[in-house]
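User: I would like to go through this structure term by term. For each label, set the value against its cut-off and then conclude.

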Amino acid sequence: MDMDFRTNFVRDPATLKQHPALVLNADYRPLSYYPLSLWPWQDAVKAAWLDRVDIVAEYDEVVHSPSTVIRIPSVVVLKDYVKPQKRVAFTRFNLFLRDEFCCQYCGAKGDLTFDHVVPRARGGITSWENVVAACSRCNLHKGSKSLRQSGLSLRKAPRQPASEELRNVGRKFPPGHLHDSWVDFLYWDAELEA
């Protein structure tokens, strides 16, 4: 079998849809909530085999080699603690996450872009303190005008988030699929079912 084929198969994001493993740090907290820290089952099995993780929960399904049968891990815990980054990278995704995926002018969700509060044409810089998530309609309306000239106002002042703050915002957005074995390790800001 061609090695490239196997490498592509393992790295294919579609493999996350079939038996992904929730990855917890050594303190039993997810490495990230949004996106949720998941590995393809192949990576989880490999990490367990190399003794880099402890398996906390397993699926009913198994994989096997000629001499070994292994239940597919559903929750793994890193043996070595990974220190969370203190500095939050200024990326489009993190900006949208900070602003909870809604326009900071009208509150609309979806069709988001970003807007410079002080337009670049007027000397505004691209920074946490000057860029906000905005829907296309508000962004086009504002254009290169100031907030006062455009008649728009901000829902909250833009600022650089702390890494823990961003992780907590991510908890407001649970993924569409949560395996039963993951629930005890995840704390979402969602209403619990009775």
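Analyst: A polar contact is a pair of N or O atoms within 3.5 Å; within protein, one must be able to donate a hydrogen and the other to accept it, and residues adjacent in sequence count only if both atoms are side-chain atoms. This is a predicted model, in which local features need pLDDT of at least 70 and side-chain atom pairs count only at pLDDT 80 or more, while totals for chains, interfaces and linings use all residues. Residues are numbered from 1 along each chain as its sequence is written, and side-chain values use heavy atoms, with hydrogens and water left out.

User: What makes the pair of leucine 147 and serine 150 a polar contact?

Analyst: A polar atom of the serine 150 side chain lies 3.0 Å from the backbone oxygen of leucine 147. The limit is 3.5 Å, so the pair qualifies.

User: Why is serine 150 called buried?

Analyst: Buried means under 20% relative accessible area (exposed is over 50%, partly exposed in between; 1.4 Å probe, protein chains only). Serine 150 has 8%, and is therefore buried. Leaving out residues up to four places away in sequence, serine 150 touches His141, Lys142 and Lys145, where contact means heavy atoms within 4.5 Å.

User: Why does the stretch 147-150 count as helix α5?

Analyst: Helices are DSSP runs of H or I with at least four residues, strands are runs of E with at least two, and both are numbered from the N terminus. Serine 150 lies in α5, which covers residues 147-150. By these rules the protein has six helices and six strands, in the order α-β-β-α-β-β-α-β-β-α-α-α from the N terminus on.

User: How do you know that strand β1 pairs with other strands?

Analyst: Two strands pair if DSSP finds at least two bridges between them. Leucine 22 stands opposite leucine 38 in β2. Between β1 and β4 (residues 69-78) there are three bridges, and the strands run parallel, so this is a pair as well. Here leucine 24 stands opposite valine 77.

User: What makes a group of residues a nonpolar core, and which residues touch the most other members of the largest one?

Analyst: A nonpolar core is a set of buried Ala, Val, Leu, Ile, Met, Phe, Trp, Tyr and Cys residues joined through side-chain atoms within 4.5 Å. The largest has 14 residues, and Leu22, Leu24, Leu36, Val75, Trp182, Phe185 and Leu186 touch the most other members. Strands β1, β3 (53-64) and β4 each supply at least two residues of this core. Another core, of ten residues, lies apart from it and includes Val88, Phe96, Trp128 and Ala133.
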